[in-house]
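Subject: Structure handover

Hello,

Here is the structure I promised to pass on. My notes follow below it.

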Amino acid sequence: MTFSISGRCEQTGTFGIAISSSSPAVAARCAHARPGVGVVATQNITDPLLGPKGLDLMQSGLSAEEALARLLDGYDTADYRQLVLLDAAGRVALHAGPQTLGIHAMAKGKDCAAAGNLLSNTEVPAKMVAAFETSEGALGDRLIAAMQAGVAAGGEAGPVHSAGLLMVREVSWPIADLRIDWAEEDPIGELEKLWSLYKPQLEDYVTRAIKPQSAPSYGVPGDE
């Protein structure tokens, strides 16, 4: 029901994940990221607890592979889970249990990994990774480009209805947490529009939190 791309920007230290699904509000359950630590995507028949647990393990100093092994050790429903872990060094660990739904696949590249289930074909994640690696611009741009490449490669076997983009950097809160929790058509296209609107204001929102006295005006009626 889900496909995602997790990525890291080596230059800025930004981590992020973009994700889409036929289910509503997919990013609320499946997308997890922490500044200076990395990303966890927990999907298929989702256990949201695996996100923060995986991030805690990587924050303790474990690599993505070590954290994944620890997550799965003694975890009796691992057969139903599909997981992507991306650590602070850009290393990736992948898991897809034998109960992963439908056509499913995973792929990893430099500072990125993609995964999906109930896909139209097994090439979708590899196409997403290739798009991430070859695209330019901010991390959000590259994640969206990868999602669009997934759609172009066939995406899910059925229609998707929700999408999200989560990014973290040097502050303790997400610098972007954008969600299309339900759309009858093209939630990824709607997410791209939302990112295009949000991107020019991203740094202003960070400044307003850290140095409100230096923040630009809101540009709304009544703000002088």
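Is Thr100 buried or exposed? Thr100 counts as buried, because its relative accessibility is 6% and the cut-off for buried is under 20%. Please keep in mind that this is a predicted model.

Thr100 lies in the loop that runs between β6 (92-96) and β7. Its side chain reaches the backbone oxygen of Gly97 at 2.6 Å. Apart from neighbours within four places in sequence, Thr100 is in contact with Asn44, Asp79, Arg81, Gln82 and Asn117.

Ala105 has Gly116 in β8 as its bridge partner. The two strands form a hairpin with two residues between them, and Asp111 there takes a positive phi near 60°.

A second hairpin is made by β1 and β2, with four residues between the strands. In its turn, Gly13 has a positive phi of about 75°. Strand β1 (residues 2-9) pairs with β2 in the antiparallel sense over eight bridges, and Ser4 has Ile19 in β2 as its bridge partner.

Strand β2 also pairs with β9 (residues 162-168), again in the antiparallel sense, over seven bridges. Here Ile17 stands opposite Leu166 in β9.

How many of the residues of β2 (residues 14-21) are buried? Eight of its eight residues are, and the strand is mostly covered. In a regular strand, side chains alternate between the two faces of the sheet. In β2, Thr14, Gly16, Ala18 and Ser20 point one way, while Phe15, Ile17, Ile19 and Ser21 point the other way. Both sets are buried.

On the aromatic side, a search of the whole structure finds one aromatic pair. The rings belong to Tyr198 and Tyr205, with centres 5.5 Å apart and planes at 15°, so the pair is stacked; the cut-off for stacked is under 30 degrees. Tyr205 has a relative accessible area of 35% and is therefore partly exposed.

Another ring, that of Phe132, has the charged end of Arg142 sitting over it, 4.1 Å from the ring centre.

Regards

Key. Residues numbered from 1 in each chain as written. Predicted model: local features only at pLDDT ≥ 70, side-chain atom pairs only at ≥ 80, totals over all residues. Heavy atoms only, no water. Buried < 20%, exposed > 50% of the residue type's maximum accessible area, 1.4 Å probe, protein only. Pairing = 2+ DSSP bridges. Polar contact = N/O pair within 3.5 Å; in protein donor to acceptor, adjacent residues only side chain to side chain. Contact = heavy atoms within 4.5 Å. Phe/Tyr/Trp six-rings, centres within 6.5 Å; stacked < 30°, edge-to-face > 60°. Lys NZ or Arg CZ within 6 Å of the ring centre and 35° of its normal.
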